[in-house]
Amino acid sequence: MTTTDTTAGAALSKRRQKKNAEREERANAPKLAETTDRHVLYQSSVQDVESEIDFVDEQFEKIRGRKAKLLREDFCGTANTSCEWVRRRPTNRAISLDIDTTVLAWGEAHNVAALEPEARKRISLIAQDVFTARTEPVDALLAMNFSYWLFTKREDLRSYFQSVHRALKDDGILFLDAYGGWEAHQTCEESRECETDDGLEFDYIWEQVEFDPVTSHMKCAIHFEFLDGSRMDEAFTYQWRLWSLPELRELLEEAGFRKVRFFWEDADDDTGEGNGEFNEVSHAESDPGWICYIVAEK
Ligand SMILES: C[S@@+](CC[C@H](N)C(=O)[O-])C[C@H]1O[C@@H](n2cnc3c(N)ncnc32)[C@H](O)[C@@H]1O
């Protein structure tokens, strides 16, 4: 054996040791599913607050001939949508309601704290049950991402609609969203590739875990998967009733809303997928999975 052989052998074993140490470090390192904040993932995958506020702002002005100023966001979670509202114009104010003090604290620390100091004064996060909340009269009231589907009885949903009707100014407008189509009746899973503002890539997975055709009650869950192979299972879960549009129209009218309109998402010409543009419709074509906005005028 030559000196060169011995030196090369030592270098090789050093490299191997280093590789093994790195492999061990990677194996012991906390997984992304353990270290990533589920609210950051939710905001980066589920929400598009800019488009949502564009829709609310434009429709309110079109229908009422004036700009909305005071918005109430029910089931606000991290109040991301309300923050977008107060960022839009110095005359905008928001009242954001959620029953969960933990999610509100997260919203204060991350979303409200990131606003300009002047804008922070125009938003109030309040821990209250939307069912019993009393707030000053508002121009626009939002209950988005199907959150109001947690009311599974007609009487409860009607009472909620009555209470939001009372919470609106005389020319106030309620904005809701809804989804449906035959896929909404299936137990299924669908995933989408997403990325956080900081560049973390992950998969968003929407699962309809259970659906009962007799009651229309459903259990849904959001899971997240990461490139390191880890998975955040049931990051969010929902127990809902899948309401149909005619049921919602009837309940809104029974609650006193004068006019109820539906805005259907247009499809991209090439892919056939929703393109984020919504137009008012009186009828729509049967579709495996549709999404729409509901605009109810006081
Ligand atoms: C689907 S998440 C929030 C969705 C959010 N609005 C969005 O646009 O992405 C539902 C939220 O409703 C809240 N919530 C559930 N029941 C409530 C109630 N009775 N009153 C107020 N908030 C409630 C939960 O704490 C949760 O933060």
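The shell around the ligand holds eight nonpolar, five polar and three charged residues. Here Ala, Val, Leu, Ile, Met, Phe, Trp, Tyr, Cys and Pro count as nonpolar, Asp, Glu, Lys and Arg as charged, and the others, Gly among them, as polar. The model is predicted: local features need pLDDT of at least 70, side-chain atom pairs count only at pLDDT 80 or more, and totals for chains, interfaces and linings use all residues. Residues are numbered from 1 along each chain as its sequence is written, and side-chain values use heavy atoms, with hydrogens and water left out.

**The ligand**

- Of the 16 residues around the ligand, Y42, Q47, F75, D98 and N145 come nearest. A residue is near a molecule or strand if one of its heavy atoms lies within 4 Å of it.
- The side chain of D98 places an N or O atom 2.6 Å from an oxygen atom of the ligand. A polar contact is a pair of N or O atoms within 3.5 Å; within protein, one must be able to donate a hydrogen and the other to accept it, and residues adjacent in sequence count only if both atoms are side-chain atoms.
- V130 takes part through its backbone: a polar atom there is 3.0 Å from a nitrogen atom of the ligand.
- N145 has a polar side-chain atom 2.8 Å from an oxygen atom of the ligand.
- Taken alone, the ligand exposes 600 Å², and the protein buries 85% of that. Accessible areas come from the Shrake-Rupley method with a 1.4 Å probe; for residues, only the protein chains shown count as cover.

**The eight-stranded sheet**

- Eight strands form an open sheet with mixed pairing, in the order β3-β2-β1-β4-β5-β12-β10-β11. Two strands pair if DSSP finds at least two bridges between them. Helices (H or I, at least four residues) and strands (E, at least two) are DSSP runs, numbered from the N terminus.
- At the edges are β3 (123-127) and β11 (274-281), and each pairs on one side only.
- From one strand to the next, the twist averages 20 degrees. Axes are lines fitted to C-alpha atoms, for helices over the stretch in contact, and angles run from 0 to 180 degrees between N-to-C directions.
- Five bridges join β2 (residues 93-98) to β3 in the parallel sense. In β3, L125 stands opposite S96.

**The four-stranded sheet**

- Four strands form an open sheet in the order β6-β7-β8-β9, and the pairing is antiparallel. Its edge strands are β6 (188-195) and β9 (231-241).
- β6 and β7 (residues 201-212) run antiparallel, joined by eight bridges. C194 has F202 in β7 as its bridge partner.
- Five residues lie between the strands in the hairpin of β6 and β7, where G199 takes a positive phi near 90 degrees.
- Ten bridges join β7 to β8 (residues 217-226), again antiparallel. Y204 is paired with F224 of β8.
- The hairpin of β7 and β8 has four residues between the strands, and S216 takes a positive phi near 60 degrees there.

**Salt bridges**

- The structure holds 21 salt bridges. Each is a side-chain nitrogen of Lys or Arg within 4 Å of a carboxyl oxygen of Asp or Glu.
- One of them joins the side chains of D139 and R66, at 2.6 Å from N to O.
- D139 lies in strand β4 (residues 138-143) and R66 in the loop between α4 (49-64) and β1 (70-73), so the pair ties together parts 73 residues apart in sequence.
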